[in-house]
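Please open the structure in your viewer and keep a selection panel at hand. The stops below say what to select next and what is to be found there.

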Amino acid sequence: MSATTLTPAPRTAGPDAAAAPHHRPFALVRHSAALAKRSLIKTWRTPEALIDVTLQPIIFLLIFVTIFGNAVAGSTSDYLQFLLPGILAQTIAQGAIAIGVNLNVDREKGIFDRFKSLPVPRSAPLIGAVLGDVVRYVIVAVVTLATGYAMGFRIGTDVWHAAAGCLLAVLFALSLSWVSVWVGMLARTSGSVQGIMFLLVMPLTFGSNVFVQTGDLPGWMQGFVDVNPLTHLVESMRGLFLGAPLGDHVWWTLAWCVAMVTVFMPLALRAYRRRV
């Protein structure tokens, strides 16, 4: 008697399996958008987390224009025209610190461990958090310009150039936020994230032309000011808001944005994968 060997029939792929490769490239975008929505809901439920992007630009404009306007420019109205783009750049750069602190807190609470158990791309939580922070940066731009207009600031170009200046500032903040995310993934506590990022951001803001022209600064500082990415952002916004010569500042700002994303986004994702 001969034994008969039965071989299983080949499994045919169903319609879902055939469609899976097609949807795979869009998975990261879809899950990142969902996690960005989570970040927006979290911000909506904790409005006190927006103090740094709502009250801070108002306080800075009132203090610096009132105290230093006559001393620096001889007129508070003239100094307001000069200062507002710089305050917007300073506040939006400091606003990027919060995302590193928040992600560090999420890591301490084990939120990322929950994401790890979900069928989502590993990088989606970080990308979603960065995208969700767009609202914070838009609020900074709106509050700063609204406060400036109430104090007498006026756009010297048109609405399209002003919108381009705000978009450039938001893009810069999104790029800088990857530095904060990287620090947030490496630091042990949320307090240390804030301290480290302030040490990085403060020299950029005060070692720039935010408050005075580059030529009025000490000679040894001017070299740093000329290559400071915040200087290029401020000069770009002054050109787009007020009609000052743009030169190549916009291109330098975009180049800095590309450089920050190219360097720090992979570093942040690598640190995130090591932590979780």
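**Stop one: two salt bridges**

Select Arg136 together with Asp133: the two form a salt bridge in which the closest N and O atoms are 3.9 Å apart, the term being used for a side-chain nitrogen of Lys or Arg within 4 Å of a carboxyl oxygen of Asp or Glu. This is a predicted model, in which local features need pLDDT of at least 70 and side-chain atom pairs count only at pLDDT 80 or more, whereas totals for chains, interfaces and linings use all residues. Residues are numbered from 1 along each chain as its sequence is written, and side-chain values use heavy atoms, with hydrogens and water left out.

Arg136 is buried, with a relative accessible area of 5%, and Asp133 also counts as buried, at 4% relative accessibility; buried here means under 20% relative accessible area, exposed over 50%, and partly exposed in between, with a 1.4 Å probe and protein chains only. By the salt-bridge rule the count comes to two. For the other pair, select Arg238 and Glu235, whose closest N and O atoms are 3.5 Å apart. Both residues lie in helix α11 (residues 229-242), three residues apart, which is about one turn of the helix, and both are buried. Helices (H or I, at least four residues) and strands (E, at least two) are DSSP runs, numbered from the N terminus.

Now select helix α6 (residues 124-132), which is mostly covered, with eight of its nine residues buried; among them are Pro125, Leu126, Ile127 and Gly132. The C-alpha atoms of Lys42 and Gly132 are separated by 9.8 Å, although the two residues are 90 residues apart along the chain.

**Stop three: the core**

Which residues have the most contacts inside the largest nonpolar core? They are Leu126, Val181 and Phe241, in a core of 60 residues, a core being a set of buried Ala, Val, Leu, Ile, Met, Phe, Trp, Tyr and Cys residues joined through side-chain atoms within 4.5 Å. Helix α8 (residues 159-186) gives the most to this core, with 14 residues. Centre the view on Phe241, and show the residues that it touches, including Leu84, Pro85, Leu88, Phe153 and Cys166, where residues up to four places away in sequence are not counted and contact means heavy atoms within 4.5 Å.

Pro85 leads on to helix α3 (residues 76-95), which bends by about 40 degrees at Leu83, with Pro85 following within four residues; the bend is the angle between axes fitted to the seven residues ending at a residue and the seven starting there. Of the 20 residues in α3, 16 are buried.

**Stop four: the surface and the whole chain**

Select Ile51, Leu55, Ile59, Ile63, Ile67, Phe68 and Val72, which make a nonpolar surface patch of about 600 Å². Such patches are made of residues with over 30% relative accessible area and no salt bridge, like charges being joined within 9 Å and nonpolar side chains (Val, Leu, Ile, Met, Phe, Trp, Tyr) within 5 Å. Ile63 lies in helix α2 (residues 51-73) and, at 38% relative accessibility, counts as partly exposed.

Finally, show the whole protein chain, which has 12 helices and zero strands, and in which buried residues make up 44% of the 276 residues.

How values were computed. Accessible areas come from the Shrake-Rupley method with a 1.4 Å probe; for residues, only the protein chains shown count as cover.
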